[in-house]
Amino acid sequence: MVEGADEDPVAVAAGVQALLHELASGPRPAGSAAEERARTVCATWLTSRGYSVAEEPFGFSALPGRWGTPLMGVLSLVLLGAVIARGAGGRPLDGVLLLAGAGLVLAAAGSWVSRRGILSLPLVRCRSVNLVATRGGRPPLVWLMAHLDSKSQPVPIAVRAAGVIGTLTTWVVTGSLLVAGAAGLGFATELWWVLLAAGAASAIPVVASTVGDRSNGALDNASGVAAVLGAAALLPTGSAESVGVVITSAEELGLAGARAWSAGRAPAVAINCDSVDDGGEIVVMYSGRRPGELLGRLTDAAEPGDPVRVRRLVPGILADHVALTEAGWSAVTVSRGSVRTLHRIHTRSDNLAHLRGDGLMQLSRLLARAAARLTVGVNRAVSGSDRNAGHGVGGME
């Protein structure tokens, strides 16, 4: 139960199930009419519970989200081949210099594109809408978040993540061998070609990660939206006035919606919900600096016998909280599932034939309890400050 909840949990559970089935009835590409219809469903749910709802349109470049990952896979493989050729040809120092220079350029370009280019690049411009809901006249101290859009890819997210990790591992091993070679150690030529083969095998799922619209996105992320809307209904009236809800778009295209939404707001606290399977463990993922206070509230809010596992976000996977963390927020993503869950995401199998919604209400209760407790902690952290001026509390810990 959620302490002081105003609505009947049984009625909320039935409503959340209905939400899941309505939202996951078909694909919802960012900016599409299908996504707009789904956003209307969310707005109706929130307004009927006393929230003031606003649509916030934004523009973005779909180029990085659609083609950034495949392009990086191709560039990585080409550069790896060039570097390995120098190592195999007895010029390890040249390989070290090329690896270091290319790594710095790619890292700088990738950082700029992900943080700024997605919103400012003039190529492949698109528009979509974030849905923002609040109660009361003050800026929320805590936000509940989930993305509404869906996408498909030729490879599941688990395979893509494995490809990214394999690519990074190959680069690290190659760099280590080049440094050792520059120091005077020699290696058989066959070893270099083995590394090139490993890099090519790892790059295949990365290069294949093109974006389509053939997934209904039941797990990713109709389930997360339904869980957040359920939590919004379960919040006690007093806490609800300090908790906002944002349903983002274009998460699947480089976190564009979250980046646009956070760009105009002072840092605060956010709990993102993304992918809630019927079984598996509840996982809270974070990026950058560990948000200790936020993680503590979430683990304390877990139901007995079903603890929350905390870990860093796996390389090769993105979630909306990453955009907020980079903007100075205290933010995490909550999910539920297993390795098998990752094999359905972004595929045609991510539909209601493989998802009943058994775990939704447990996540709704967890989110509502954690948000209610966080409002108390944040209120203390900003005691004496001007909340009406939107005082940032991203560093609440």
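## Ground rules

Because the model is predicted, local features need pLDDT of at least 70 and side-chain atom pairs count only at pLDDT 80 or more, while totals for chains, interfaces and linings use all residues. Residues are numbered from 1 along each chain as its sequence is written, and side-chain values use heavy atoms, with hydrogens and water left out.

## The nonpolar cores

Let's start inside. A nonpolar core is a set of buried Ala, Val, Leu, Ile, Met, Phe, Trp, Tyr and Cys residues joined through side-chain atoms within 4.5 Å. Buried means under 20% relative accessible area, exposed over 50%, and partly exposed in between (1.4 Å probe, protein chains only). The largest core here has 84 residues, and those touching the most other members are Leu46, Leu144, Leu235, Ile271, Leu298, Val334 and Leu367. Helix H7 (residues 218–234) gives the most to this core, with 12 residues. Helices (H or I, at least four residues) and strands (E, at least two) are DSSP runs, numbered from the N terminus.

What does Leu46 touch, not counting residues up to four places away in sequence? Its partners are Tyr51, Val53, Leu131, Ala133, Leu229, Ala232 and Val245, where contact means heavy atoms within 4.5 Å. A second, separate core has 11 residues, including Leu79, Leu80, Ala102 and Leu178.

## How helices meet

Now for some pairs of helices. Axes are lines fitted to C-alpha atoms, for helices over the stretch in contact, and angles run from 0 to 180 degrees between N-to-C directions. Under 35 degrees counts as roughly parallel, over 145 as roughly antiparallel, 65 to 115 as roughly perpendicular, and the rest as oblique. The axes of helix H1 (residues 9–23) and helix H2 (residues 33–47) come within 10 Å and cross at roughly 165°, so H1 and H2 are roughly antiparallel. In their contact, Val12, Gly15, Val16, Leu19, Glu22 and Leu23 of H1 meet Ala38, Val41, Cys42 and Trp45 of H2.

H1 also packs against H7, at about 150° and with axes 9 Å apart, which means that H1 is roughly antiparallel to H7. On the H1 side the residues are Pro9, Val12, Val16, Leu19, Leu20 and Leu23, and they meet H7 residues including Ala218, Val225 and Leu229.

Most residues other than glycine have a negative phi, and most peptide bonds are trans. Which two residues does a cis peptide bond join? They are Asp220 and Asn221, with omega about 15°, and Asn221 is found in H7. Ala250 has a positive phi, near 60°. Ala250 lies in the loop between strand E4 (243–248) and H9 and is buried, with a relative accessible area of 0%.

The loop between helix H12 (339–342) and helix H13 (360–381) holds Ile345, and His346 is found in that loop too. Phi of His346 is positive, about 75°, and His346 counts as buried at 3% relative accessibility. Ile345 is buried at 5%. Although Ile345 and Lys151 are 194 residues apart along the chain, their C-alpha atoms are separated by 9.1 Å. Leaving out residues up to four places away in sequence, Ile345 touches Pro156, Ile157, Leu219, Asp220, Ser275 and Asp350.
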